[in-house]
Amino acid sequence: RVPIEQRHRDYLQKVFPSVPRESLPSHVFRDSPIICDVCERPAEGVSAVWTCESEDRTVLHATSYDVCDDCFVRHALRVE
C-alpha cells in the first residue's frame with residue numbers, strides 16, 4: 001500500500017525524469033493521473049492505493065497496477 005502522494009510523485013518522475021522529485025510543485029497533484037485498474041475510477045479523494053512493488057518492470061502489468069481500497073477489500077477479502 002502506497003500513499004497516494006508518493007504514487008503521484010513516482011508517476012510524475014517517470015513522465016518527467018529530468019525534473020528532480022523534490023522540485024515537483026504540489027499543484028500537479030490536483031487531478032489524479034492514477035486510476036484503479038479494477039474499477040477504472042480515478043484515485044481522487046483516497047489516501048493510498050495498493051500497487052505492485054515491481055511497478056512497471058513486469059510482463060503481467062507493464063504499465064504498473066494500482067488498486068483502490070474499495071476494490072482491494074471487495075476482491076481480496078471478498079467483502080461486499
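**Chat about the sheet, helix and surface**

Q: Which residue in β3 is the bridge partner of Trp 50?
A: Val 67 is the bridge partner of Trp 50. Keep in mind that this is a predicted model.

Q: Over how many bridges do β2 and β3 pair?
A: Two bridges link β2 and β3. They run in the antiparallel sense.

Q: What holds paired strands together, in general?
A: Strands of a sheet pair through backbone hydrogen bonds. The pairing can be parallel or antiparallel.

Q: What is the strand order in this open sheet?
A: The order is β1-β2-β3, and the pairing is antiparallel. The sheet is open and has three strands.

Q: Which ones are the edge strands?
A: β1 (2-3) and β3 (66-67) are the edge strands. Each of them pairs on one side only.

Q: And in which sense do β1 and β2 pair?
A: In the antiparallel sense, over two bridges. Val 2 sits opposite Val 49 in β2. Pro 3 has Ala 48 in β2 as its bridge partner.

Q: Which residues of α1 are buried?
A: Ile 4, Arg 7, His 8, Asp 10, Leu 12 and Gln 13 are the buried residues of α1.

Q: What covers them?
A: The cover over the buried residues of α1 includes β1, β2 and β3.

Q: Now the surface. Which residues form a nonpolar patch there?
A: Tyr 11, Val 15 and Phe 16 do. Together they have about 250 Å² of accessible area.

Q: Where is Phe 16?
A: Phe 16 is in the loop between α1 and β2.

Q: Why does Phe 16 count as partly exposed?
A: Because its relative accessibility is 42%. Partly exposed means between the buried limit of 20% and the exposed limit of 50%.

Q: Where does Glu 40 lie?
A: Glu 40 lies in the loop between α1 (4-15) and β2 (48-51).

Q: Buried or exposed, that Glu 40?
A: Exposed, because Glu 40 has 61% relative accessibility.

Q: What phi does Glu 40 have?
A: A positive one, about 65 degrees, although Glu 40 is not a glycine.

Notes. Residues numbered from 1 in each chain as written. Predicted model: local features only at pLDDT ≥ 70, side-chain atom pairs only at ≥ 80, totals over all residues. Heavy atoms only, no water. Helix = DSSP H or I, 4+ residues; strand = E, 2+ residues; numbered from the N terminus. Buried < 20%, exposed > 50% of the residue type's maximum accessible area, 1.4 Å probe, protein only. Patch = residues over 30% accessible without salt bridge, like charges linked within 9 Å, V, L, I, M, F, W, Y side chains within 5 Å. Areas by Shrake-Rupley, 256 points an atom, 1.4 Å probe, with all protein chains shown as cover. Salt bridge = Lys/Arg side-chain N within 4 Å of Asp/Glu carboxyl O. Pairing = 2+ DSSP bridges. Contact = heavy atoms within 4.5 Å.
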